[in-house]
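The following note sets out points for a colleague to read beside the coordinates.

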Amino acid sequence: MKCCLIFILLSVAGIILAKYSETEKSNLSEDFTIPYMVYLKSSPEPCVGSLIHPEWVLTAAHCPLPVKIRLGVHQPSVKHKKEQIRNNTLTMPYPEFNAQTLENDLMMIKLSKAAVLNTYVGTIAIALESLSTNDSCFIPTWSWNDYKNLSDPDILIWTNQHSLPFHKCNFMLGDRMTVNIMCVGQPLETISEIKEVSAAPAICNGKLHGILSWAKGSVTMGSEGFFTEIHPYARWILKIINSY
């Protein structure tokens, strides 16, 4: 029964935000949220999580364990009365996660209390099969106007990128041996210095297809991003939800 909620509780999480111009982005209301985005406050760096079930967040295993979990957040630097605060009761990195190569870079986090689903907080379905070549993916995260260590980010940003074909992805990976990786973006001559919060989700065709593992520059500015594909781990994810 629990696993069914992943597919039923989509709420408004599948909103496609590509239609917004840069000006419209800056004029978003202060209570605007991307419902499935979860702010994982941790030290030394925060991460993005994705709410895939009222009790479960999916993020990257390379992320530090969160000291606070915030749902329904627009700007993490600003506390809002409509957001929901949780702790974690269980963290489950994928058993074969390799911190050196970042292979199998996924982690499940169980919330101390189930999220209350509403306009501001909602779930996103996980992908059960691979993407078609060159599908477009919506990639949201947060950034800083002025990055300072331990400060919370204050900008909600996003991009739309196409997933790259297998051969191009392999070329970008070079000698780096890894599995279950989805690539977006392209090598840029000038690497942006924009600081982005790690573990951004890739939402493609309305489902969570990837979690950002590492990048060469700023993904939201079009540079190379390497995402752990979700569909090969779907059985493990559902097993964790049903077992705990």
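1. The model under review is a predicted one, and the points below should be read accordingly.

2. The pair belongs to an open sheet of seven strands, ordered β5-β4-β1-β2-β3-β7-β6, with antiparallel pairing. Because β5 (84-86) and β6 (88-93) each have a single partner strand, they stand at the edges, and one side of each is left without a neighbour in the sheet. From one strand to the next, the twist averages 30°.

3. As to the protein overall, it contains four helices and 13 strands. Of its 244 residues, 51% are buried. Among contacts between residues at least 6 apart in sequence, 68% join residues at least 24 apart. The accessible surface comes to about 11500 Å², and carbon and sulfur atoms account for 53% of that surface.

4. I230 lies in the loop between β13 and α4. Its relative accessible area is 0%, so I230 is buried. Beyond its neighbours within four places in sequence, I230 is in contact with L58, L106, I126, A127, L208, H209, G210, I211 and I237.

5. Is T220 buried or exposed? T220 is placed in the loop between β12 (207-216) and β13 (224-229). With a relative accessible area of 15%, which is under the 20% cut-off, T220 counts as buried. The side chain of T220 makes a polar contact of 2.3 Å with the side chain of E196, and another polar contact, of 3.2 Å, joins the side chains of T220 and S218. Leaving aside neighbours within four places in sequence, the residues in contact with T220 are I139, T141, I157, W158, T159 and E196.

6. Most residues other than glycine have a negative phi, and most peptide bonds are trans. Against that background, the peptide bond joining S43 and P44 is cis, with omega about 10°. P44 is located in the loop between β1 (37-41) and β2.

7. N104, a residue other than glycine, has a positive phi, near 55°. N104 is part of the loop between β6 and β7. Its relative accessibility is 10%, and N104 therefore counts as buried.

8. Where is A199, and what is its phi? A199 lies in the loop between β10 (181-184) and β11 (201-204). The phi of A199 is near 75°, again a positive value in a residue other than glycine. A199 is buried, because its relative accessible area is 0%.

Note on methods
Residues are numbered from 1 along each chain as its sequence is written. This is a predicted model: local features need pLDDT of at least 70, side-chain atom pairs count only at pLDDT 80 or more; totals for chains, interfaces and linings use all residues. Side-chain values use heavy atoms; hydrogens and water are left out. Helices (H or I, at least four residues) and strands (E, at least two) are DSSP runs, numbered from the N terminus. Buried means under 20% relative accessible area, exposed over 50%, partly exposed in between (1.4 Å probe, protein chains only). Contact means heavy atoms within 4.5 Å. Accessible areas come from the Shrake-Rupley method with a 1.4 Å probe; for residues, only the protein chains shown count as cover. Two strands pair if DSSP finds at least two bridges between them. Axes are lines fitted to C-alpha atoms, for helices over the stretch in contact, and angles run from 0 to 180 degrees between N-to-C directions. A polar contact is a pair of N or O atoms within 3.5 Å; within protein, one must be able to donate a hydrogen and the other to accept it, and residues adjacent in sequence count only if both atoms are side-chain atoms.
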